[in-house]
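Subject: Structure handover

Hello,

My notes on it follow below.

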Amino acid sequence: MAGFLGTISTRTVQADAGLQRPTAAPPAIVASATPALSAASQPTAKTHGRIYRGIASWYGSVFNGRKTASGETFDMNAMTACHPTLPFGSLVRVVNLRNRKSVVVRITDRGDLGSNNGRIIDLSYGAAEKLHMTQAGLARVSVEVLSTGHPAS
């Protein structure tokens, strides 16, 4: 029996690719993209020092200048990130597992990172650039919690 040899095509994923710039000014206050943290998902003292592994993505120019869920203005070149549960102000070290480059980012935003796709953090363009992952759009990373911020009241 003759073997079948095929090729698998892949395409480069870029977080901002194909997205149009907003035509209207963003609202002054933007609600969190995910529901408020429940008591069950609140980080505890045990979160500090914990290391998670998964996929990182990035976001940039489409959201630049808009308000984040924490109320800060998003700066795509700042060392910030979006995480579904860590309190705003938490500091985490993100390491690109392919090239070992690392960056420390502050959690300033919330977002739906998708279900069952392994994404654990969404980085600003500036942080993604330092990790050399902007071309690929996604990277396998480890995320170490260095300090936890304060949950919003």
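pLDDT is the predictor's confidence in each residue, from 0 to 100. The protein chain averages a pLDDT of 76, and 66% of its residues score at least 70. Over residues 1-45 the pLDDT is below 50; beyond near neighbours in sequence, that stretch still has 44 contacts in the model. A contact means heavy atoms within 4.5 Å.

Some ground rules. This is a predicted model, so local features need pLDDT of at least 70 and side-chain atom pairs count only at pLDDT 80 or more, while totals for chains, interfaces and linings use all residues. Residues are numbered from 1 along each chain as its sequence is written, and side-chain values use heavy atoms, with hydrogens and water left out.

**Overall layout**

The protein chain has one helix and six strands. Helices (H or I, at least four residues) and strands (E, at least two) are DSSP runs, numbered from the N terminus. The order from the N terminus is β-β-β-β-β-α-β. Mean confidence is lowest in strand S1 (residues 51-59), at 94, and highest in strand S3 (residues 91-96), at 98.

Of the 153 residues, 34% count as buried. Buried means under 20% relative accessible area, exposed over 50%, partly exposed in between (1.4 Å probe, protein chains only). Among contacts with a separation of 6 or more, 76% join residues 24 or more positions apart. The accessible surface (Shrake-Rupley method, 1.4 Å probe) comes to about 9,500 Å², and carbon and sulfur atoms hold 53% of that.

**Strand S3 and its partners**

Strands pair if DSSP finds at least two bridges between them. S3 pairs with strand S4 (residues 102-109) in the antiparallel sense, over five bridges. S3 also pairs with strand S6 (residues 139-147), again antiparallel, over six bridges. Arginine 93 has a bridge partner in each: valine 104 in S4 and glutamate 144 in S6. S3 and S4 form a hairpin with five residues between them. In that turn, arginine 100 has a positive phi of about 65 degrees.

**Asparagine 96**

Asparagine 96 lies in strand S3. Is asparagine 96 buried or exposed? Asparagine 96 is buried, with a relative accessible area of 2%. A polar atom of its side chain lies 2.9 Å from the backbone oxygen of leucine 131. Leaving aside neighbours within four places in sequence, the contacts of asparagine 96 include Lys101, His132, Met133 and Arg140. Ala139 and Val141 are also among them.

Best regards

Notes. Polar contact = N/O pair within 3.5 Å; in protein donor to acceptor, adjacent residues only side chain to side chain.
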